[in-house]
Amino acid sequence: MLYRKTQNNFRYYKLHMKKGNGMLRKIILLVFFIFSIAIQADEKTYYEDVKIKQLEAEIESIQSKIHILKRSKKLRMAKDTENTRPKLGLVLSGGGAKGFAHIGVLKVLEENNIKVDYITGTSMGAVIGALYSVGYSPEEIEDVMIKTNWNKILKDAPDRLDIPLEDKIGKKEYPASIAFDKELNIYFPRGLKQGQKIYLKLKELLWNVENIENFDELPIPMRIIATDLDSGKVKSFSSGDLSKIISASIAIPTLFGPVKIDGKNYVDGLVTRNFPVEDVIDMGADIVIGVNVGTRIKEKEDYNILTVLDQVLAIQSSGSTPDQKSMVNYIIEPDISKFKSTDFEKVEEIIKVGEKEARAKINSMKNLSETEKIPEKRTVLKSKDSDSVFIENIYLVGNVNVNLEIIEGNLRKEIPGEVTESDLENMILNLYALPYIEKAYYKIKGKDLYIETVERPTNYLKLGMNYNSEYGTTIALETDTLSTGKTGRKTVFDFKFGDYFEASAKNYAYYGIEDKIGFIFEIGYNETPFFFYEGDEKRSEFTNKTFELKGALATQFENQFFISYGFSQKFSELEQDIGLSEDKSLEYDESYGNVFFQIVLDNLDNKMYPSQGIRSDFQYTWGGDFGTESVDFYGPAYLLEGYFPVTKKLSFLSAVAGGSIQGEGILADEYFKLGGMRSDISNKEFAFYGYNSQRKLVEEFAIAQLGLQYRFYSNIYLAGKWNIATYTGAPVQGENDKKIWDDKVKGYGVTLGIDSPFGPLELSVMEDSDTQNVLTQFNIGYIF
């Protein structure tokens with residue numbers, strides 16, 4: 001009541017101000033003007049003010065050092081009276097991949113029986129330090145780092161096997177997307193990557209201490225350093241979810257999203273204290289060995305995106321390092337200047353550099369050696385598969401779209417019941433693959449499992465572009481909305497502009513989590529190209545313009561099998577754009593229906609450049625106009641392709657495809673089309689190295705393909721393919737004499753592909769199977 005009264009009085013005052021004397025308003029404005037000038041004059045900053053602030057900051061830093069030294073002295077005096085062995089603290093700095101040098105130092109320390117009592121670590125120093133703290137030997141840490149797939153972890157993309165099947169088989173890839181909520185507020189990601197894969201790797205490695213929250217209870221007590229993003233202050237963690245806190249310590253700002261812990265956001269500790277010496281002294285260390293691998297600030301002749309990142313990290317981390325180094329008894333600084341913070345594939349080289357520098361300094365530390373040899377393992381490491389825990393209750397934290405039905409459906413375990421680390425990892429990966437989950441965490445407390453999710457809006461606007469030397473330019477726009485739960489719905493609106501136009505709306509309503517049943521309804525207008533060849537010469541180009549209504553019942557099993565059966569009504573026109581006048585006889589304007597049945601299996605690990613997995617697609621279609629026999633066709637089509645890894649970078653691939661179409665009224669563009677780089681079974685297009693796209697129109701065909709694919713770098717691929725085909729030619733192309741199995745045609749080619757942030761960049765070179773000339777095809781961006 002009081003607030004309302006104040007508001008009414010204020011509104012009454014404003015109303016009468018408008019009706020009052022104009023001179024009064026001028027006087028009041030003049031008073032406000034003079035007052036604002038006075039305030040500005042008071043706020044003027046002088047040179048002396050700046051120097052005073054600098055000196056105050058220096059005084060604060062000196063006072064902090066004095067406080068630390070007094071505290072350290074007090075601890076030492078207390079221990080001197082107890083006549084105990086001096087406690088040794090180990091400090092491991094951050095430095096990205098350069099932090100692998102810490103492992104080499106640990107090797108040398110253990111060889112010389114130098115026992116560590118306390119550890120502090122920042123960023124990669126926190127990772128290595130935590131593993132050593134919980135019981136891993138230096139050799140075990142080295143083995144873990146070598147075997148870790150850093151490319152996959154740092155890419156941080158959801159595993160394609162975990163993505164909901166309806167998204168895998170129908171989803172188009174877009175390089176740019178914006179999420180927005182129901183009020184149309186735009187949502188910006190918290191970082192380029194979320195660090196989900198790193199967090200789960202830490203959970204796997206630290207499973208043996210999942211029940212420990214107090215870091216003083218670890219085999220070697222530890223502190224982990226992060227930066228409070230809200231206040232800009234350093235945070236030394238002594239308790240909590242160890243894996244989550246390490247995730248915060250390595251969260252390089254903008255590269256990785258901040259990690260929220262107890263309501264506060266934290267990022268990489270290198271921003272405030274990359275070399276945390278005072279923290280190990282605060283723990284009780286009498287003697288400190290510091291290993292500093294922080295990037296040094298140095299002038300460079302030229303910069304690229306990686307060297308800029310290195311320099312930024314150096315600038316951020318160098319602020320407090322000199323002060324911290326002044327409190328170290330023994331300093332080890334490996335010469336890692338030739339390495340970058342991103343050199344995660346050079347584990348062994350960087351470890352050797354750390355080992356070399358430690359050996360050079362070890363003589364000065366001989367007095368720290370223990371008479372008793374350090375055991376190779378201080379704890380018994382648990383297997384993430386064999387050791388399970390009993391979970392009685394599940395609690396959700398921070399969820400809006402995620403409910404217990406979704407959690408239990410993705411956990412795939414009966415609760416109450418036993419779960420392993422692998423069960424929990426798979427559940428988190430399944431959640432991470434959902435479009436509305438940015439990141440997910442878990443923590444076990446006794447018999448309770450706590451799931452925390454960081455969610456994003458369920459609405460998206462996506463944009464992409466494609467150029468193909470055969471099909472021209474396409475600009476694609478998509479917006480989709482999603483309602484979540486066991487009973488869910490996804491609505492997608494697609495638009496394409498460029499050489500061909502498309503506008504469509506699709507709604508998929510379903511029931512289920514992993515196994516689903518639902519109904520698909522689609523309405524849209526679509527333009528597609530149709531090429532007509534004579535031999536190797538393109539005679540004419542057509543555009544198919546179709547308005548279509550489609551409805552289907554769909555089921556899916558184990559997120560791999562998709563079965564749909566339904567009906568569509570097409571209003572279709574084929575119109576010649578350019579070419580010979582006699583080819584205008586192929587034009588048509590027809591209305592006809594389609595009844596279809598489709599089975600899809602898809603467990604490929606990557607849509608564009610898979611290294612393992614199988615994809616199969618079988619369709620049977622019957623088309624007719626129900627009133628006349630001017631349109632009448634039916635028949636099956638199938639595509640089966642498999643990828644089998646030979647080494648980490650080399651994969652063997654094989655594929656078979658085939659189909660048959662029969663009837664009295666087959667439309668020209670309803671025949672199967674052979675040629676080009678990629679298959680599109682929905683448009684009856686099948687790849688064949690040796691022909692241009694749509695070179696051959698056929699009634700029946702069978703294709704077999706073999707090949708090898710090699711990954712040169714994390715995103716550069718080279719594939720060589722050989723294929724053989726036999727077919728019955730389509731009457732409209734004048735190849736009635738060609739019958740399936742009577743004749744065979746062979747072809748081969750190579751494709752160089754770059755998996756770029758904007759989509760694949762591909763160049764294919766092949767030998768023409770008819771003329772033996774060289775054919776090329778170029779593609780930029782995802783195909784829509």
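In the predicted model, three helices, H8 (165–170), H15 (404–411) and H16 (421–432), each contribute at least two residues to the lining of the second largest pocket. The largest share comes from H16, which supplies 4 residues. The lining comprises 30 residues, and those nearest the pocket centre are Asp162, Asn410, Arg412, Asn430 and Asn559. The volume of this second largest pocket is about 540 Å³.

Nonpolar side chains in soluble globular proteins tend to be buried together. The largest nonpolar core of the model contains 96 residues, among which Leu90, Phe100, Ile141, Met145, Leu242, Ile289 and Leu424 touch the most other members. Helix H5 (residues 124–134) is the main contributor to this core, with 8 residues. At least three core residues come from each of domain 1 (66–77 + 84–156 + 211–368) and domain 2 (388–455). When residues up to four places away in sequence are not counted, Leu424 is in contact with Trp207, Leu411, Val419, Tyr442, Ile444 and Leu449. Another core, of 30 residues, lies apart from the largest one and includes Ile661, Leu667, Leu674 and Tyr727.

Strand E14 (residues 437–445) is mostly covered, with 8 of its 9 residues buried. Its pairing with strand E15 (residues 448–455) is antiparallel and runs over 8 bridges.

Methods:
Residues numbered from 1 in each chain as written. Predicted model: local features only at pLDDT ≥ 70, side-chain atom pairs only at ≥ 80, totals over all residues. Heavy atoms only, no water. Core = buried A, V, L, I, M, F, W, Y, C linked by side-chain atoms within 4.5 Å. Buried < 20%, exposed > 50% of the residue type's maximum accessible area, 1.4 Å probe, protein only. Domains from an automatic or database assignment. Contact = heavy atoms within 4.5 Å. Pairing = 2+ DSSP bridges. 1 Å grid on protein atoms, 1.4 Å probe; cavity = no way out; pocket = protein on both sides within 12 Å on 5 of 7 lines; lining within 4 Å. Points joined across faces, edges and corners; volume = space filled by probe spheres on them.
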